[in-house]
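Here are some notes for a reader who is new to this structure. They are meant to be read beside the model.

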Amino acid sequence: MTEFLFPDAAGLVRAAGLLRGGRLVAFATETVYGLGADATSGRAVAAIFAAKGRPHFNPLICHYSDAAAAFAHVEPTPTACRLAEAFWPGPLTLVLYRRSACPVAPLAGAGLETLAVRVPAHRDALALLRAVGRPVAAPSANRSGDVSPTTAAHVLAGLSGRIDAVLDSGPCQVGVESTVLDLTGAQPVLLRPGGVTREAIVDVVGAVDRGIPSAGFQEAGILRSPGLLVSHYAPSLPVRLQAHEAAANEALLAFGPAPGGAAAMFQLSEAGDLAEAAANLFAGLRALDEQGRRLGLCGIAVMPVPEQGLGLAINDRLLRAATPRGSSAPPAP
Ligand code: TXA
Ligand code: MG
């Protein structure tokens, strides 16, 4: 049984107690719901991988209540300090070298000498992290490969009975995951576009290497971010990108003024607002997948989203959603 908790004082105490006891608790962040476990416990971290069906080579992000706590476990560079100052709490994850005394279980970092750390901008998440008093490892709270959850109901749809509790804080504001930035080299490398835009990061640090030509994150044969599998966020229906209208047997994921006549439609943002579209993205993919299957449709057509600002993160997720499961190559454009 998965306990359903509200983020009042009693719910937060219960959730923190479960986490300290090595159990799994899903909780909201500003980006998506995370599946949390005590990052210092190898057993608790192993339970995350088991509940999600996640490959062990894919490392987890450790969540902290403030930058000082994070930088006690990894070695901050001057760039990391500037970015933390500018964007934490917020949807930015920094990959840095672990300190030798870092108590985070090696499994959380998939055995790497680096660790991904972030401070989420969510009142309940921060209250929970403070109450736990330890780093909380938390991937998105979905079965591996599925669409990320932005509500407690999404979490339960995939993980009910497989996790100990979910803390319901309502829908997530940002809606796409954090931006992942590797700071271990000479220049920051963008491993995953996300809630903090590339443009905003460039404003603070000058230049950023694009480590991920959206789906090709393999540099000189090395997977910079082992978890950035090409097929991810995948609904069960096939996804067709850059569509200007839906065929008779397709559902339409619309962005901006939409053609009429689709058998099922979900509007990301009528006004063409990228922040609104990001917040709606995963709920839209889930809704159309469900409706499309019910109506016997054979796919989801997706209207173009501009490749700027939060559009980078949205297009990255859409490209992965359009990649057939088990495939290592993105679909032909
Ligand atoms: O917004 C988010 O980041 C959410 C919330 C819950 O915080 N979490 C999330 O976690 O999206 P997850 O596990 O679904 O994605 C983490 C990404 C993966 O692509 C993983 O490979 C990468 O971060 N990552 C984690 N540790 C890394 C490391 N040491 N080096 C490179 N990439 C790393
Ligand atoms: Mg994920």
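1. Of the 333 residues in the protein, 55% are buried. The coordinates are those of a predicted model, and the points below should be read with that in mind.

2. Charged side chains number 26 positive and 27 negative. The centres of these two sets are 8 Å apart.

3. The protein contains nine helices and 17 strands. Its radius of gyration is 19 Å, close to the 20 Å that the globule rule gives for 333 residues, so the protein is as compact as a globular protein of that length. The C-alpha trace spans about 60 × 45 × 35 Å along its principal axes.

4. Among contacts in the protein with a separation of 6 or more, 67% are between residues 24 or more positions apart.

5. Eleven strands make up an open sheet with mixed pairing. Their order is E1-E8-E2-E3-E7-E4-E6-E5-E9-E10-E11. Strand E1 (3-5) and strand E11 (209-210) stand at the edges; each has a single partner strand, so one side of each is left without a neighbour in the sheet.

6. Within this sheet, strand E5 (residues 92-97) and strand E6 (residues 114-118) run antiparallel and are joined by four bridges. Which residue in E6 does leucine 94 stand opposite? The residue is valine 117.

Conventions. Residues are numbered from 1 along each chain as its sequence is written. Chains are lettered from A and ligands numbered from 1 in the order in which they are written. This is a predicted model: local features need pLDDT of at least 70, side-chain atom pairs count only at pLDDT 80 or more; totals for chains, interfaces and linings use all residues. Side-chain values use heavy atoms; hydrogens and water are left out. Helices (H or I, at least four residues) and strands (E, at least two) are DSSP runs, numbered from the N terminus. The radius of gyration is taken over C-alpha atoms; the globule rule is 2.2 Å times the number of residues to the power 0.38. Buried means under 20% relative accessible area, exposed over 50%, partly exposed in between (1.4 Å probe, protein chains only). Contact means heavy atoms within 4.5 Å. Lys and Arg count as positive and Asp and Glu as negative; His and the chain ends are not counted. The place of a charge is taken as NZ of Lys, CZ of Arg, CG of Asp or CD of Glu. Two strands pair if DSSP finds at least two bridges between them.
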